[in-house]
Amino acid sequence: MFTIEHEFDATVVTLVDEGTAPLQEDVTVHATESVILLNQYDARTDQIVSVRLSPEQWRDLTAALNLPEGVYKAT
């Protein structure tokens, strides 16, 4: 399951794990013009873990999910 919210300066997608136990914490994706921010709560450290991607890295990641194994260069 996921939700999508459009805020003033970002689109926020929340991914909810509905798989088999043990379930993972929700992941939020904040997408702006200059950065894609992935956040997930880590119960072991009681902190939010963040990963920052450039829009180009995000584009490459989403493209890679549909490609076979190999090395690719964006054109």
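Begin by selecting arginine 59, which is partly exposed at a relative accessible area of 43% (buried means under 20% relative accessible area, exposed over 50%, and partly exposed in between, with a 1.4 Å probe and protein chains only). Before going on, note that this is a predicted model, in which local features need pLDDT of at least 70 and side-chain atom pairs count only at pLDDT 80 or more, while totals for chains, interfaces and linings use all residues. Residues are numbered from 1 along each chain as its sequence is written, and side-chain values use heavy atoms, with hydrogens and water left out.

**The salt bridges**

Aspartate 60 is itself partly exposed, with a relative accessible area of 39%.

A search of the whole structure finds two salt bridges, and to see another, select arginine 44 and aspartate 42, whose side chains meet at 3.2 Å, N to O. Arginine 44 counts as exposed at 77% relative accessibility, whereas aspartate 42 is buried, with a relative accessible area of 14%.

**Along strand β4**

Aspartate 42 has its place in strand β4 (strands are DSSP runs of E with at least two residues, helices are runs of H or I with at least four residues, and both are numbered from the N terminus). If you leave aside its neighbours within four places in sequence, aspartate 42 is in contact with Gln47 and Val49, where contact means heavy atoms within 4.5 Å.

Next, select asparagine 39, also found in strand β4, which covers residues 36-42. Is asparagine 39 buried or exposed? With a relative accessible area of 14%, asparagine 39 is buried.

Now move to strand β1, residues 2-6, where the number buried among the five residues is zero, so the strand lies largely in the open. Strand β2 (residues 11-15) pairs with β1 in the antiparallel sense over five bridges, pairing being called if DSSP finds at least two bridges between two strands. The two strands form a hairpin with four residues between them, and within the pair threonine 3 of the chain stands opposite threonine 14 in β2.

Select histidine 6 in strand β1, which is exposed, with a relative accessible area of 67%. Its side chain and that of threonine 11 are joined by a polar contact of 3.3 Å. For a distance across the model, pick the C-alpha atoms of histidine 6 and tyrosine 72, which are separated by 32 Å and belong to residues 66 apart along the chain.

Note on methods:
Polar contact = N/O pair within 3.5 Å; in protein donor to acceptor, adjacent residues only side chain to side chain. Salt bridge = Lys/Arg side-chain N within 4 Å of Asp/Glu carboxyl O.
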